[in-house]
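Subject: Structure for you to look at

Hi,

Here is the structure I promised to send over. Have a look around first, and then read on for what turned up.

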Amino acid sequence: MNTTLISQPMTGIEIDQLCINSIRTLSIDAVQQAKSGHPGTPMALAPLVYTIWNRVMNFDPQDPIWPNRDRFVLSNGHASMLLWSVLHLTKTRAVNADYERLNQPSVTLDDIRRFRQLDSKAPGHPEYHWVSGVETTTGPLGQGIATSVGMAIAQKWLGARYNRPEFDIFDYNIYAVCGDGCMMEGIGSEAGSLAAHLGLDNLCWIYDNNHITIEGNTRIAFTEDVATRFLGYGWNVLRVGDANDTDRIEHALEVFRKTKGRPTFIILDSHIGYGSPHKQDTAEAHGEPLGDEEVRLVKRSYGWPEDAKFLVPDGVYEHFAAGIGARGAKARREWMELFDAYKAKYPELATEVEQMQRRELPGGWDRNLPVFPADPKGIAGRDASGKVLNVLAQNIPWFFGGSADLGPSNRTLLTFEHAGDFQVNSPTGKNLHFGIREHSMGAIVNGLSLSKLRAYGATFFIFTDYLRPALRLGAIMELPTIFVCTHDAMGDGEDGPTHQPVEHLASLRAIPGLVMLRPADANEVVEAYRYIMQLRHKPAVLALSRQPLPTLDRRKYASASGVARGAYVLADAPGGNPEVILIGTGSEVSVAVDAHETLVAEGIRSRVVSMPSWDIFEQQTQEYRDSVLPPNVKARVAIEQASTFGWERYVGASGHVIGMKTFGASAPLKELQRKFGFEPDRVVAAARELLGRR
Ligand SMILES: Cc1ncc(C[n+]2csc(CCOP(=O)(O)OP(=O)(O)O)c2C)c(N)n1
Ligand SMILES: [Mg+2]
């Protein structure tokens with residue numbers, strides 16, 4: 001239903017207000033219809049979102065993935081109706097997973113009518129990959145703003161590498177809207193601190209200072225001086241005292257664009273549930289429908305027809321088309337022309353930009369990957385990884401990342417000539433120093449990946465606990481991020497239980513879509529990277545040893561290329577008809593191999609299966625899986641320095657698992673291996689027992 005509310009011609013203010021109130025009432029109606037959702041914040045922030053989108057942002061609704069677009073992040077994701085309204089009103093087009101623009105809208109009015117219902121393109125929270133125009137998935141508070149820091153770092157790096165005189169290929173800005181929750185969560189502080197350190201003047205956070213969260217007024221738990229905190233970090237802090245004053249908002253955004261050398265933080269004083277006579281400024285406006293009667297009263301206060309639902313008055317679509325539509329189309333057209341000229345002048349750089357956008361790898365990306373000769377002393381997983389990373393980073397210009405202050409331990413430092421550090425004055429540097437901020441590192445890596453860099457982060461495996469929420473979001477978003485996690489088990493023995501991962505493998509294996517890999521030796525590390533690099537829609541975590549692991553003799557044992565199948569027969573019984581299967585991962589594979597040699601010498605037909613990745617193995621055909629783990633061989637021993645949780649699925653009810661039931665202990669590794677049973681003799685004994693041959 002389209003009706004004209006205000007007689008033509010309208011003044012600018014009238015049409016502005018009509019657009020703002022359309023965002024508000026679509027949000028109110030959608031929440032009311034769904035009987036769930038968050039109406040209050042969209043009611044308050046509609047003028048802000050309207051101003052950013054229609055007056056400021058360079059975003060072409062016709063092409064929501066154009067590389068140089070400004071980014072908009074709704075970190076207070078519960079206010080998703082803001083995004084659905086504006087994506088609908090700007091007629092943003094849908095794009096498919098192959099980056100093709102479709103001839104259909106991203107969010108229809110019907111989707112909004114079906115807010116929060118199955119298959120609607122207006123789900124409860126902003127979901128990247130599900131709705132075109134959403135730049136990142138948000139909902140867990142603080143993640144959005146932290147991710148926006150990754151986007152801002154990416155823009156700086158892209159600009160430094162690809163811009164040339166008169167060719168500003170990458171010069172976009174990032175706008176992130178957040179609320180009290182994002183300010184309270186630690187991840188926001190970590191990210192805010194790093195953003196200022198890196199002088200990210202392309203980044204603007206707008207803080208919805210409404211003093212309301214779910215339990216009531218923020219005075220119950222949050223009384224700090226946020227402005228002073230951000231000043232302390234080194235942000236440019238501005239304040240707009242009235243969230244309805246679009247001119248002041250626009251002015252503040254202009255100040256942001258003119259501010260160099262630091263990010264901008266705009267405190268916006270707002271009233272949650274604006275216009276609601278009974279619910280404005282209360283927590284009730286946060287997370288429940290207003291109720292039919294209140295909706296009527298609110299609409300009356302907006303000068304809106306009280307009974308109209310999902311109304312988009314005449315002139316609203318047109319006004320967005322004349323604002324962001326025209327500005328975005330022009331910006332994109334000019335950029336395309338610029339890029340064509342750039343392509344002619346710098347064809348190689350342009351090819352890189354294009355490949356990156358499609359998440360492709362450059363030709364020769366795996367050139368010079370090392371091959372490690374057999375060596376009983378071997379090399380640590382982390383050392384093998386360091387060598388691989390240094391090769392990949394030279395072959396893939398947009399391979400970019402770093403560690404949360406553990407670079408020397410994680411062996412993630414890129415040491416080749418001109419690798420350099422990423423800092424304010426060296427934005428082409430390839431080593432990003434996250435500082436001791438694992439949680440925001442996870443989100444920043446997501447932000448880098450959303451900006452199409454091939455991004456990685458690193459820390460000790462135990463501290464995946466500190467970044468897990470971001471890792472999980474990366475999996476939801478289907479981002480091909482990489483986390484290099486060393487000290488994967490008890491290898492740092494003396495550090496004790498606080499540093500010995502136990503439940504981490506099980507917990508990461510449980511994240512849908514995430515590829516968890518624990519390679520057994522240096523060549524498995526290489527193959528793990530070869531596999532991971534070719535992923536385009538899945539995050540991967542590598543668990544790598546701190547201590548040297550024997551480099552297996554691949555002339556005697558099967559090729560490490562079996563990593564690409566998740567699990568493979570590494571050593572088989574003579575004649576290939578095993579009576580017992582030993583399954584190991586990581587450092588325990590060589591223990592299993594030693595046990596196997598003893599068993600075979602005793603005339604026991606054992607097989608060793610190296611199983612670096614459950615996830616990858618699960619994707620193989622039943623036939624392949626049965627060939628590795630023949631169903632008729634019930635005598636199976638799994639050995640892994642981690643929680644036994646879940647191993648029943650591979651050893652079955654009659655199998656045996658040598659794993660961890662406690663948090664470990666502080667002692668040299670050798671003693672821990674003895675204490676907890678990670679020795680060949682114990683594997684041999686378990687195998688004999690299962691076969692009834694003691
Ligand atoms: C990490 C996390 N913890 C808790 C929640 C649940 N939650 C959703 S909204 C909200 C209150 C947010 O308050 P604020 O950010 O001020 O938003 P406003 O109500 O002002 O829109 C909470 C606790 C969440 N989404 N994420
Ligand atoms: Mg609030």
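How many Å lie between a polar side-chain atom of His-78 and an oxygen atom of ligand 1? The distance is 2.7 Å. Before you go further, keep in mind that this is a predicted model.

Let's stay with the ligand for a bit. Leu-141 has a polar backbone atom 3.0 Å from a nitrogen atom of ligand 1, and a backbone N or O atom of Ile-212 sits 2.9 Å from an oxygen atom of the ligand. On its own, ligand 1 would expose 590 Å², and the protein buries 75% of that.

Now zoom out to the whole shell. It has 15 residues around ligand 1, and the closest are Thr-41, His-78, Gly-181, Asn-210 and His-286. By type, five of the shell residues are nonpolar, eight are polar and two are charged. If you like to think in helices and strands, look at α6 (180-184) and β6 (212-213): each gives the shell at least two residues.

Next, the inside of the protein. The largest nonpolar core has 228 residues, and Trp-53, Trp-84 and Trp-205 have the most contacts inside it.

Is Asp-208 buried or exposed? It counts as buried, because its relative accessibility is 3% and the cut-off for buried is under 20%. You'll find Asp-208 in strand β5 (residues 203-209). Its side chain makes a polar contact of 2.4 Å with the side chain of Ser-270. Setting aside neighbours within four places in sequence, Asp-208 also has contacts with Thr-41, Leu-45 and Cys-178, among others.

Asp-292 is in helix α11 (residues 292-302). This one is exposed, because its relative accessible area is 52% and exposed means over 50%. Its side chain is joined to that of Gln-32 by a polar contact of 3.3 Å. Asp-292 and Asp-29 are 263 residues apart along the chain, with their C-alpha atoms separated by 9.5 Å. For another pair, take Asp-208 and Asp-421: they are 213 residues apart in sequence and 35 Å apart in space, C-alpha to C-alpha.

Cheers

Conventions
Residues are numbered from 1 along each chain as its sequence is written. Chains are lettered from A and ligands numbered from 1 in the order in which they are written. This is a predicted model: local features need pLDDT of at least 70, side-chain atom pairs count only at pLDDT 80 or more; totals for chains, interfaces and linings use all residues. Side-chain values use heavy atoms; hydrogens and water are left out. A residue is near a molecule or strand if one of its heavy atoms lies within 4 Å of it. A polar contact is a pair of N or O atoms within 3.5 Å; within protein, one must be able to donate a hydrogen and the other to accept it, and residues adjacent in sequence count only if both atoms are side-chain atoms. Accessible areas come from the Shrake-Rupley method with a 1.4 Å probe; for residues, only the protein chains shown count as cover. Helices (H or I, at least four residues) and strands (E, at least two) are DSSP runs, numbered from the N terminus. Ala, Val, Leu, Ile, Met, Phe, Trp, Tyr, Cys and Pro count as nonpolar, Asp, Glu, Lys and Arg as charged, and the others, Gly among them, as polar. A nonpolar core is a set of buried Ala, Val, Leu, Ile, Met, Phe, Trp, Tyr and Cys residues joined through side-chain atoms within 4.5 Å. Buried means under 20% relative accessible area, exposed over 50%, partly exposed in between (1.4 Å probe, protein chains only). Contact means heavy atoms within 4.5 Å.
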